[in-house]
Amino acid sequence: AKAAGGNRFVFYSRDMTERAQARLRLEGGLRDALASRSFELVYQPKIQAAGGRLTGFEALIRWRHDGVPVSPADFIPVAEDTGMIVEIGRWVLDEACRTATRWSLDHGPVRVAVNVSARQLADPGFADLVEQVLRRHATPPDLLELEITETVIMKDVEHHLPALSRLRDRGVRIAIDDFGTGYSSLAYLRRLPVDVLKIDRSFVNDLPHAPDIASTVIALAQRLLLTTVAEGVETDEQRRWLAEAGCDCLQGYLISRPLSADAAEALVMTAFAH
Ligand code: C2E
Ligand code: CA
Ligand code: CA
Ligand code: CA
């Protein structure tokens, strides 16, 4: 039994070493990618639930490590841990604002939403950074939307309030991402400088069989005069249910996968052509 235990220990320890090495490779790869700016943004359309008009895009980061795509769900947490997210986030903001401004000048106003992570928001220079980027590209602030998850925004509301209020006063839009998955204080929700609630994909996935959470979020948003966006819409049944329930905007594979910048721009052109 002792020998087996010993073997198991060796097995686990080798496994851990491999994992630690994989993690180090990932970190090194991220560091190189950051230095050479070899990330990319893709853009997923959002449309009006009633009528289908294009309302904007969510910018989503993409990275290939030695040619192999790595999911942001895997590398963003590593970037958070190491602090690299602050610089990656700066690049994302800059690229998204540059692109939204160019599209808007060439075709017509189009809003781009950017995901903001916990560490970025906690950075005392965050509001300054956003304002700097808006100035650099002469971006009308209402073309920029910041998506912050419910968990992150609610975790330290009092601390985040000044920066978010300042940005919203300038005209930047604030969305609560993955709404319904965390713990929201309704009292805070009323006080928060927020424009949009994004209904988490898990609740959209339950439609139309288990609509309780989605209906509750839509009713709450209507009471608080907030816009609702349903994420992860994959079926026509879900789309119909959401449109009938009064959800404002839809996003998901049913409408479109995330698109390259060129493909997204083509969509913007079509939306403004008449
Ligand atoms: P998220 O903010 O909740 O983004 C939505 C994710 O759902 C995206 O995955 C999107 O491609 C995917 N998605 C969209 N429609 C559908 C659908 O109909 N069905 C399904 N199954 N999935 C759908 P992605 O691009 O892999 O991003 C994963 C997460 O990584 C994001 O979740 C976000 O938390 C984070 N992320 C992505 N880009 C950035 C970024 O630039 N900065 C930061 N801080 N986080 C990012
Ligand atoms: Ca998001
Ligand atoms: Ca989301
Ligand atoms: Ca989500």
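Is Trp-103 buried or exposed, and what is its relative accessible area?

Modeller: Trp-103 is buried, with a relative accessible area of 0%. Buried means under 20%, exposed over 50% and partly exposed in between (1.4 Å probe, protein chains only). Keep in mind that this is a predicted model: local features need pLDDT of at least 70, side-chain atom pairs 80 or more, while totals for chains, interfaces and linings use all residues. Residues count from 1 along each chain, chains are lettered from A and ligands numbered from 1 as written, and side-chain values use heavy atoms without hydrogens or water.

Let's start with the rings. A search of the whole structure turns up seven aromatic pairs (ring centres within 6.5 Å, using the six-membered ring of Trp; planes under 30 degrees apart are stacked, over 60 edge-to-face, the rest tilted). Take Tyr-43 and Phe-57: their ring centres are 6.4 Å apart and their planes meet at 85°, so this pair is edge-to-face. Tyr-43 belongs to strand 1 (residues 40-48) and Phe-57 to strand 2 (residues 54-65), so the pair ties together parts that are 14 residues apart in sequence. (Helices, H or I with at least four residues, and strands, E with at least two, are DSSP runs numbered from the N terminus.) Both Tyr-43 and Phe-57 are buried.

Now back to your Trp-103. Its ring also pairs with the ring of Tyr-43: the centres sit 5.0 Å apart and the planes are at 65°, so we call this pair edge-to-face too. Here the link spans distant parts of the chain, with Tyr-43 in strand 1 and Trp-103 in helix 3, 60 residues apart.

Leave aside the neighbours within four places in sequence, and Phe-39 is in contact (heavy atoms within 4.5 Å) with Leu-30, Ala-33, Leu-34, Ile-61, Arg-62, Trp-63, Phe-75, Ile-88 and Trp-91.

To finish, look over at the calcium ions. Ligand 3, a calcium ion, is coordinated by Asp-177, Asp-178 and Glu-231 at 2.1 to 2.9 Å (donors are N, O and S atoms within 2.8 Å of the metal, or 3.2 Å for Na, K and Ca; water is not among the atoms, so sites may look incomplete). Along the chain, these donors follow the spacing D-D-x52-E. Asp-178 in strand 6 and Glu-231 in the loop between strand 8 (227-230) and helix 11 (236-245) link parts that are 53 residues apart. The calcium ion called ligand 4 lies 3.3 Å from ligand 3, and Asp-178 coordinates both. Asp-178 counts as partly exposed at 22% relative accessibility, whereas Glu-231 counts as buried at 13%. Ligand 3 also has the calcium ion called ligand 2 at 3.7 Å, with Asp-177 coordinating both.
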